[in-house]
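Q: Here is the structure I wish to discuss. Could you take me through the sheet, please?

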Amino acid sequence: MRYAETGVYLEIDLSRGNIEKVQSDPKDTELYLGGLGTNAKILWERVPPEVEPFSPDNLLIFSAGLLCGTPAIGCNRTIVSTISPQTRLMAFSMMGGFWAPELKFAGYDKVILRGKSSNLVYIHIHDDKVEIRDAAHLKGKGAIETADLIRKELKDPKLQVAAIGTAGENRVFFASIEQGRSSASRGGIGAVMGDKGVKAIAVRGTKDIYVARPAEFLKLCQEVMAYIQWREAHPIPGVMPILAGLGSPQEMKVHDEKWHTENFMWGNSRVRRKDFWNEEIAKKWMETLESMRTRLISCYNCPMKCGATITPPGHSTYMMKCFSKLTYTMAAFSDLEFGLKIAQIATEHGVDGFSAPQVMAFAVELYENGILTDEDMPGFPQGNEERFYWLLEKIVHREGIGDVLADGTYWAAQKIGKGAEAYAHNTIKKHEQLPLKLSMLNPIYFLMYSTGEKINITQIEGQFPQAPFPTREAREEFVKDWFQVPHERFKQYFLDWEPRGEKSMPFYPTVEMCCDIVDWQERMHYIDDALGMCAGLSSFPLKPPYHIHNYPKFISAGAGIEMDEETLTEATKRYRTLVRAINIRRGMRRADDKPPENHWKKRFPELEKQLLDAYYQMKGWNLDGIPTVETLKKLGLDYVAKDFLERGILEGA
Amino acid sequence: MGDTIKKKIKSIKIDVDKCNGCRACEMICSAFHANPKYSSNNPARSRIRVIWDPLRDIYVPVYAGEYTPAECAGRDKYVINGKEYEECAFCRASCPSRPEFKEPDSGLPLKCDMCEGEEKPLCVEWCITDALTFEEREEEVEVQPEIEELEAGLEALIDKYGLDKTLETVSRLTSKT
């Protein structure tokens, strides 16, 4: 009897049209939990570094988290893993919504796609019945439109559909997989889906998911629910509204965008507009959002309302959440109305809301600086907004200059040359980052940007306040009910952290403290990504309902795997190291572990070196960022050690 | 007129405008009715289903009512605030026309029991957005009409078959049981 998980993987070979149901090894669940953890294990074993992202041998794994489908509140994430065409490293983008629980109810923990279909297909899963169906009629259709058409075709309104749009079909390096309510966008996983010839996976399930110790598990859920209600009634004072509560940043609810519009960069992550926000804009943007937003909506089994249904005039309805509200607006120096309109088209095409606007702003900048010309871009409109609509279509169809831009700023700059490289200034490991440029180095963020294997800051930060509180009094108040800390010492780090003076950044928190803080933040995200828990109730916000103290209980009572804080931490360390190992085997090294050059104005090379050295040491990696044989063996990753020695990545003792 | 008694009427108020479509109600309903309690969950077994169509902004939590062997001969459509709802969107029946409110394996009909034994239905408890709220009110109910109805029925039988024959039949039926 398997608890929380189904114990079955669906293996689909698209080249041969073969479908198999494979029992998973319960031992793997103990060691790697599920979701990201077991995905990493499969990728390590079956996708050697010689395999190109667009090779039939690359895998595309859709995994429900270990606790998805149980009553655990907010546990609904699908973890999609593959080798990214953009970074050429492991990508593990995630999406909330309803797809993962539905897959569990259909009787599967994962869908593993391999090979390539010669014609466009979609996969239909209804409990035991799994079929590969022709999708010729869906070619070129929008991702949301596709989901609607499949539900109608199969006469099943309850189907949950993950689909790609035109961008994925055309292998755009920042193509997303859209699920209506949310999307897995980072790392170009939609391009891999398109390369495999899969337009969509539609799933419907009507089976039971069991938990090992029902009464205990339910009590844990009730505690979480009670704490969510308490936290909603007690927002954290002294931080900006989107960081005061729980959930994904409440962008669909909040009207006051002073902080984002004045602190984040506009255009190609270039211009800061310090006095942008005023009453007139506030009023206009509020009217825009109020008139287009029909309803605030949730993901499966979660009371938070992070998303919204948006209907821009003259456009179809779509669903949105979080910061894509502003990425298009700010990339184009435009207003919210434009942002919400173009986002509708972008969602149908299926592109990442971080990368896509930045790539377009990059192109506009190259044009304005004469690096791209009318010859490269015949018919490029004069109007600013028209240019973005034009570029989006060119990119998703890979037409003309769009074919170059579709690879993202890094690769596009390499192809364009003529100094274009300097304009691709906001990437880490070839992947576009949040448009943020700051003054003084933040040592905690330096480490997270440099070493975050998800290559996306919002997927590693959280738990620990982003900045020191101004007064000791406020800090004392904050730590009073901060029971989520793994150890009391974290409270002290925070209590002593001052905005100015001796105990301020960049030299305080100290190097050791920074490593400790980053290790905690990272650990919580890795746990979420294995369990399928939304970061919005766990690793992202301050004082969340899920934390290192109740997670082991959830896993024990839910999955029936005996777990305490120590074994959970150890498991997390195991698959975090395995993700690192996959990337190391694909050539990633210390030199790649760095934030964008201009992320901070004031840099401290000596301190940054110390930070990386100490972080690697804490992780048991050598100074080049490679996990040592000793570390690997201690974690039971002997097979990784053996491979590293055979390949000469590590030298034998 | 006969006497009246006070009867507790349990009802769930459904505010479709407040529903955020999370389906926690479906989850907890199926978990509560699992055997042993909470040992499994499966929205397909739930006695409450959210009839939804997110892109058309339709969210209607519906409770399982009575089983019906046949579907309606014709269908209606409701247009409320410009949104078009199928008649079935509001119907509580376990009906051949749709998959809702049937055990997925056996096909047997499901019916909401207001979570017998609990203070209030658990779907309400888990709906913290207050799309579902619980109301209990007392109503005065007449107890007499049923007896009157029986009397009227018996009178009709006596009229038709005569007193003796009716008595004879009643005594034969009672001796059987």
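A: An open sheet of six strands in chain A has the order β2-β1-β6-β3-β4-β5, with mixed pairing. Strands are DSSP runs (E, at least two residues; helices are H or I, at least four), numbered from the N terminus, and two strands pair if DSSP finds at least two bridges between them. This is a predicted model: local features need pLDDT of at least 70, side-chain atom pairs count only at pLDDT 80 or more, and totals for chains, interfaces and linings use all residues. Residues are numbered from 1 along each chain as its sequence is written, with chains lettered from A and ligands numbered from 1 in the order written.

Q: Why is β6(A) largely enclosed?
A: Five of the five residues of β6(A) (residues 110-114) are buried, so the rest of the structure largely encloses this strand. Buried means 20 or more other C-beta atoms, placed from the backbone, within 10 Å of the residue's own. Lys110(A), Ile112(A) and Arg114(A) point one way, Val111(A) and Leu113(A) the other.

Q: In which sense do β1(A) and β6(A) pair?
A: Strand β1(A) (residues 8-13) pairs with β6(A) in the parallel sense over five bridges, and Leu10(A) stands opposite Val111(A).

Q: And β3(A) with β6(A), parallel or antiparallel?
A: Strand β3(A) (residues 60-64) and β6(A) are antiparallel, with four bridges; Ile61(A) has Ile112(A) as its bridge partner.

Key. Buried ≥ 20, exposed ≤ 12 C-beta atoms within 10 Å, placed from the backbone.
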